[in-house]
Amino acid sequence: MELSPRAAELTTLLESQISNFYMNFQVDEIGRVVSVGDGIARVYGLNEIQAGEMVGFSSGVKGIALNLENENVGIVVFGSDTAIKEGDLVKRTGSIVDVPAVKAMLGRVVDALGVRIDGRGAVSAHERRRVEVRALELLNVNLCTSLCKQG
């Protein structure tokens, strides 16, 4: 059975739209606040979150995931936690917390995320560094090889 030119054209159009259907959506992992207090929010539902990942609360406040447990995640809140309530939504950003690390930051007043709060001009932040990094090792330390006189 042969398709008419119009039917073939419609078939081609439908096939192209179906093949592109799953290309245009984004899945966000969202959790809910179980408890909040003393700058720490306990959140349920963020199963794939990474340690040190930035999250956003529905109130606009941001935080960093630090304590990953089986049932919930402990998130340190950047700023006041008074706007966060039990049951609020929390969304993963997918990025590890980093801050601007350029010489132009010297002498500037910035918050914990490197956002300027001194009212001066913007800082060009072409270089960024992670907040949580492994400390430098002290391997090349000169050991004391001579006696010291005391007294």
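Guide: Let us begin with Gly-94, which is found in strand S6, residues 89-96. The model shown is predicted.

Visitor: What does Gly-94 touch, not counting residues up to four places away in sequence?

Guide: Gly-94 touches Glu-53 and Met-54. The word rests on heavy atoms lying within 4.5 Å. Gly-94 and Glu-29, for their part, are 65 residues apart in sequence and 9.4 Å apart in space, C-alpha to C-alpha.

Visitor: How many strands close into the barrel, and in what order?

Guide: Six strands close into a barrel in the order S1-S2-S5-S4-S3-S6, and the pairing is antiparallel. From one strand to the next, the twist averages 45 degrees.

Visitor: How do you know that S4 and S5 are paired?

Guide: Six bridges join strand S4, residues 62-68, to S5. Pairing requires at least two bridges, and therefore S4 and S5 count as paired. The two strands run antiparallel. Lys-62 stands opposite Phe-78 in S5, and Ala-65 stands opposite Ile-75 in S5. A hairpin of four residues joins S4 to S5.

Visitor: What makes S2 and S5 a pair?

Guide: Four bridges join S2 to S5. Since the requirement is at least two, these strands therefore pair as well. They run antiparallel, and Val-43 stands opposite Val-73 in S5.

Visitor: Why is Arg-42 called buried?

Guide: The relative accessible area of Arg-42 is 18%. Buried means under 20%, so Arg-42 qualifies. The place of Arg-42 is in strand S2, residues 40-44. Leaving aside neighbours within four places in sequence, Arg-42 is in contact with several residues, including Arg-32, Val-34, Asn-67 and Glu-69.

Visitor: What makes the link between the side chains of Arg-42 and Glu-69 a polar contact?

Guide: The side chains of Arg-42 and Glu-69 are joined at 2.9 Å.

Visitor: Why is Asp-38 called exposed?

Guide: Asp-38 has a relative accessibility of 81%. Exposed means over 50%, so the term applies to Asp-38. Asp-38 lies in the loop between strand S1 (30-37) and S2.

Visitor: Which residues have the most contacts inside the largest nonpolar core?

Guide: The largest nonpolar core has 14 residues, and those with the most contacts inside it are Val-43, Leu-46, Val-55, Phe-57, Ile-75 and Val-90. S2, strand S3 (53-57) and strand S5 (73-78) each supply at least two residues of this core. S5 gives the most, with three residues. In soluble globular proteins, nonpolar side chains tend to be buried together.

Visitor: What is Phe-57 in contact with, leaving aside its neighbours within four places in sequence?

Guide: Among the contacts of Phe-57 are Val-33, Ala-41, Ile-75, Leu-89 and Val-90.

Visitor: How confident is the prediction, and which elements have the lowest and the highest mean pLDDT?

Guide: The protein averages a pLDDT of 85, and 88% of the residues score at least 70. Among the elements, helix H1 (residues 5-19) has the lowest mean pLDDT, 80, and S2 has the highest, 96.

Technical notes. Residues are numbered from 1 along each chain as its sequence is written. Side-chain values use heavy atoms; hydrogens and water are left out. Buried means under 20% relative accessible area, exposed over 50%, partly exposed in between (1.4 Å probe, protein chains only). A polar contact is a pair of N or O atoms within 3.5 Å; within protein, one must be able to donate a hydrogen and the other to accept it, and residues adjacent in sequence count only if both atoms are side-chain atoms. A nonpolar core is a set of buried Ala, Val, Leu, Ile, Met, Phe, Trp, Tyr and Cys residues joined through side-chain atoms within 4.5 Å. pLDDT is the predictor's confidence in each residue, from 0 to 100. Axes are lines fitted to C-alpha atoms, for helices over the stretch in contact, and angles run from 0 to 180 degrees between N-to-C directions.
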